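User: I have a model open and would like to learn how to read it. Can we go through it feature by feature?

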Amino acid sequence: MGVITRAEDFYLSPPHLPADRWATTPPALRVVRWWEEKHQRRITVGDAFVLDHPLYARINHGRWVADCDCMSAQIVTPADPRMWCVECGTGWWQVVFPADVAPVEQQLAALPLADRNWWATEDPTDPARPTLEV
């Protein structure tokens, strides 16, 4: 596991499944399968993408996360930049990562875990982003 946790580092194979079977599951879909194992419920996953707007990946306490419009969040990965929300099931969200994630991760490496936080400058949900006053 690296300094910053990604979906493939967090959503690990259940002990009863062979590791090679889990390895063939794309990281974004591992989230769904992991949730199903934990909650003992199946989720129907389609192919449709939500086209309204993308979600921006951010780093929260050393984890790449994306926030769904329903206020749920999941750990995501630049290796598979999409997210299926297991809470609302709206469809596949496109997740926007920086063009080069390595410098972003490296700038946070020396910080304590609680301080490993980062927001994309274009992310409209960043609470530190200046707002226009009318």
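User: Which residue in strand 6 is the bridge partner of Arg82?

Analyst: Keep in mind that this is a predicted model. In general, strands of a sheet pair through backbone hydrogen bonds, in a parallel or an antiparallel way. Here, Arg82 has Gln94 as its bridge partner in strand 6. Strands 5 and 6 run antiparallel to each other, with three bridges. Take a look at the side chain of Arg82 too: its charged end sits over the ring of Trp92, 4.1 Å from the ring centre.

User: What is the order of the strands in the open sheet?

Analyst: The order is 1-6-5, three strands with mixed pairing. Strand 1 (55-56) and strand 5 (82-84) are the edges, each pairing on one side only.

User: Which residues have the most contacts inside the largest nonpolar core?

Analyst: The general idea is that nonpolar side chains in soluble globular proteins tend to be buried together. In this model the largest such core has 19 residues, and Ile59, Trp64, Val76, Met83, Val95, Phe97 and Trp118 have the most contacts inside it. Helix 4 gives the largest share, three residues.

User: How are the rings of Trp64 and Trp118 arranged, and why is the pair called edge-to-face?

Analyst: Planes over 60 degrees apart count as edge-to-face. These two planes are at 75°, so the pair qualifies, with centres 5.7 Å apart. The pair links strand 3 to the segment after helix 4, 54 residues apart. Both Trp64 and Trp118 are buried.

Conventions:
Residues numbered from 1 in each chain as written. Predicted model: local features only at pLDDT ≥ 70, side-chain atom pairs only at ≥ 80, totals over all residues. Heavy atoms only, no water. Core = buried A, V, L, I, M, F, W, Y, C linked by side-chain atoms within 4.5 Å. Buried < 20%, exposed > 50% of the residue type's maximum accessible area, 1.4 Å probe, protein only. Helix = DSSP H or I, 4+ residues; strand = E, 2+ residues; numbered from the N terminus. Pairing = 2+ DSSP bridges. Phe/Tyr/Trp six-rings, centres within 6.5 Å; stacked < 30°, edge-to-face > 60°. Lys NZ or Arg CZ within 6 Å of the ring centre and 35° of its normal.
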